[in-house]
Amino acid sequence: MSDLATALVFWPAVAIMLVTGVYVFRTASMARAGLLLLASLGIEGLVFLALASEFLGVLQLLMMSGEMVIMVFFMVMFMPDPGGLMGMDMTHDKRRSASLAVAVGIGLAVVAVLTDWPARVVGRDAPDVRAIGFEVMGRSMLTFLFAAMTILFAMVGGVLLAKHGGRFAQIGAAGKGEA
Amino acid sequence: MISLPVVLVAAGLMFAIGLYGVLGQTNTIMVMMGVELMLGAAMLNVVGFLRYSWPDATSGAFFVLILMTLMAVEAAVGFALVISAFRHSRTAEIDDMHELKG
Amino acid sequence: MSDLTPFVVLAVALVGAGCAALLEQVVSGLRVSPQAVLTSVSRTLRQPLRAPQVRDGWLYHLAPGLLLVAAVAALAFVPWAPGFRGIDLSTGAIGFAAALAYVTPAVFMAGWGAGRALTVLGAFRWLALMLAYAMPLAMVITAVAAPAGSLRPSDIVEVQHAVPMALVQPLALALWVPAALAVCFLAPFDVAHCDEELGGGVFSEYRGLDAALVALARRVLLVAVSGMTVVLFFSGWHGPLLPAAVWMVAKTAAVAAGMLWMGGRVPRMEIDRALELAWKVANPLALVAIVWAGLVTLLFYR
């Protein structure tokens with residue numbers, strides 16, 4: 001992409017990403033919060049694309065869609081007021097957490113601007129999908145296997161925790177308890 | 001002009017937004033959303049470094065893959081815990097969860 | 001990628017949607033008349049918009065737009081002839097799946113935003129269906145890309161110049177077809193918007209411009225998915241005698257007609273059955289398909 005096209009994608013995408021990110025926590029409706037988070041993280045995929053990380057950007061777009069829609073679903077299930085009809089307040093320690101977040105944000109921004117980062121190569125594309133593939137199947141194979149095992153454990157553990165009776169339920173008695 | 005500090009500032013702000021969510025929200029799922037935003041900020045950082053400092057570092061791209069996995073795992077386990085807690089105490093509000101004992 | 005690319009993609013989307021509408025007339029045995037399509041479009045556009053009486057009502061008006069964007073983005077990844085495509089990414093096949101993934105939030109927004117019990121029910125059904133069928137879809141794309149050694153759709157076409165992938169990986173095709181039907185809102189997977197069970201489901205509240213956009217997006221989706229089916233399984237633009245683009249268009253029309261034909265004749269699946277089929281049959285078989293793809297790649301495509 002040309003510099004102009006990159007800039008035309010990058011700046012609006014970053015702006016929308018941050019604004020929707022803020023509004024995730026400023027809305028009272030669960031469906032809205034989840035969809036705003038989807039917008040924030042999905043548009044982060046566009047930022048990745050503008051930063052020439054093609055594979056990661058596309059993957060981010062793909063993964064976040066599924067994950068955040070599930071999140072919306074759970075929000076609607078577990079919130080007392082999923083439709084946001086009453087405008088209930090869902091925050092605690094509002095002032096302290098907000099001021100801490102602002103302080104951390106300013107701190108990180110200052111560090112990011114003031115540090116002399118090693119900018120060795122400017123404007124070269126990030127590794128392509130083939131290079132990532134060789135990385136996954138080569139040097140980082142063990143790490144990748146651990147990630148796979150983690151997912152497996154998460155799946156089994158998640159199902160165990162979520163089923164009727166929790167993790168102590170007897171086999172065979174599952175599903176008989178009250179929901 | 002897009003440069004490494006710009007990307008890092010954006011990532012820092014996103015991290016701060018996520019932090020606000022984690023600290024300030026009362027609902028477990030909203031807290032998880034904050035965590036997702038923080039992980040997203042970390043990914044943006046890595047992608048920025050990939051673009052401007054170490055374009056040949058495939059392990060950086062791999063790290064982003066691992067982070068995406070982590071987000072999925074966090075969501076799965078988190079939702080399972082919320083279901084479990086909800087079944088036990090009929091709420092998903094953090095302030096109402098005083099004990100870890102099932 | 002030139003400056004005109006977005007307009008070319010939009011033109012392809014509009015023409016393709018029109019052709020899909022005509023194709024629907026053919027398949028359902030009606031007289032083919034472009035006049036009828038235009039009349040129904042203008043009648044829909046003259047309806048007044050409807051505003052749902054819920055807080056999240058703006059989602060209801062946003063959803064058709066997102067649906068259309070997702071469909072057009074998916075279409076942009078389909079290569080129609082050597083060098084003629086909208087978006088040329090080296091990960092185009094995954095990009096196609098990523099574009100399709102945004103149909104789900106759009107449908108959810110439509111159902112939730114309309115604020116009726118049946119639309120929300122339809123949205124939840126669609127969510128469950130798509131979560132179940134997105135996995136086989138993505139794994140099948142991976143399996144088909146393996147012999148090409150590339151995720152670029154045009155490379156996947158080039159590797160099929162002699163033998164179409166449908167013959168090499170029939171299992172992958174068998175898994176792709178139900179997922180494709182589900183994504184295109186076609187029977188037997190039209191559980192989210194069926195007239196009989198849900199009274200129109202997620203899209204039942206749409207009127208006017210919103211309804212027209214939904215209808216357009218569904219046609220574009222059909223064209224995009226049939227086009228990608230041809231690219232992945234039926235050797236894309238390769239064919240004797242005729243020019244490449246003609247072959248591509250003809251094959252896409254044939255696949256779209258087949259999907260519509262099937263959609264008109266197969267009875268609707270119960271949502272539980274459809275989910276069981278996806279999780280217990282299609283997902284494990286997709287893993288088998290990937291192993292098979294690896295074997296085939298090692299034996300014949302090195």
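Predicted model: local features only at pLDDT ≥ 70, side-chain atom pairs only at ≥ 80, totals over all residues.
**Exercise 1. Count the salt bridges between chain C and chain A, then describe that interface.**

Step 1. A salt bridge needs a side-chain nitrogen of Lys or Arg within 4 Å of a carboxyl oxygen of Asp or Glu. Between chain C and chain A the count is zero.

Step 2. Residues are numbered from 1 along each chain as its sequence is written, chains are lettered from A and ligands numbered from 1 in the order in which they are written, and side-chain values use heavy atoms, with hydrogens and water left out.

Step 3. Look for polar contacts. Such a contact is a pair of N or O atoms within 3.5 Å; within protein, one must be able to donate a hydrogen and the other to accept it, and residues adjacent in sequence count only if both atoms are side-chain atoms. Five residue pairs across chain C and chain A meet this rule, both residues at pLDDT 80 or more.

Step 4. Find the elements. Helices (H or I, at least four residues) and strands (E, at least two) are DSSP runs, numbered from the N terminus. On the side of chain C that touches chain A, at least two residues each come from helix 3 (57-76), helix 4 (92-101), helix 5 (103-114) and helix 6 (117-148) of chain C.

Step 5. Count residues. Contact means heavy atoms within 4.5 Å. Chain C brings 23 residues and chain A brings 24.

Step 6. Take the area. Buried area is the accessible area (1.4 Å probe) that two parts lose on being put together, summed over both. Here it is about 2100 Å², and carbon and sulfur atoms give 75% of it. Within chain C, the most area is lost to chain A by Arg55(C), Tyr102(C) and Trp112(C), together 26% of what that side buries.

**Exercise 2. Describe the interface of chain B and chain A.**

Step 1. Take the area. About 6700 Å² is buried between these chains, 77% of it from carbon and sulfur atoms. Tyr20(B), Arg51(B) and Phe62(B) supply 11% of the area that chain B buries against chain A, more than any other three residues.

Step 2. Count residues. The contact takes 71 from chain B and 81 from chain A.

Step 3. Check polar links. There are zero salt bridges between chain B and chain A. One residue pair is in polar contact, both at pLDDT 80 or more.

Step 4. Assign elements. Helix 1 (4-24), helix 2 (28-52) and helix 3 (58-89) of chain B give two or more residues to the side that touches chain A. Helix 3 of chain B has the largest share, 22 residues.

Step 5. Of the two pairs of chains that touch, A and B have the most contacts. Chain B and chain C share no contact; their closest C-alpha atoms lie 14 Å apart.

**Exercise 3. Is Thr26(B) buried or exposed, and what does it touch?**

Step 1. Locate Thr26(B). It sits in the loop between helix 1 and helix 2 of chain B.

Step 2. Apply the scale. Buried means under 20% relative accessible area, exposed over 50%, partly exposed in between (1.4 Å probe, protein chains only). Thr26(B) has 7% relative accessibility, so it is buried.

Step 3. List neighbours, leaving out residues up to four places away in sequence. Thr26(B) touches Met90(A), Thr91(A), His92(A), Ala92(B), Glu93(B), Ile94(B) and Asp95(B).

**Exercise 4. Find where Ala52(A) and Ser235(C) lie, and give their phi values.**

Step 1. Ala52(A) is not a glycine, yet its phi is positive, about 70°. Its place is the loop between helix 2 (30-50) and helix 3 (54-78) of chain A. Ala52(A) is buried, at 18% relative accessibility.

Step 2. Ser235(C) also is not a glycine and has a positive phi, about 55°. Its loop runs between helix 11 (208-233) and helix 12 (244-265) of chain C. Ser235(C) is buried, at 8% relative accessible area.

**Exercise 5. How many residues of helix 4 of chain C are buried?**

Solution. 10 of the 10 residues are buried, so this helix is largely enclosed by the rest of the structure. Among them are Phe96(C) and Leu100(C).

**Exercise 6. Sum up chain A.**

Step 1. Chain A has six helices and zero strands.

Step 2. Of its 179 residues, 42% count as buried.
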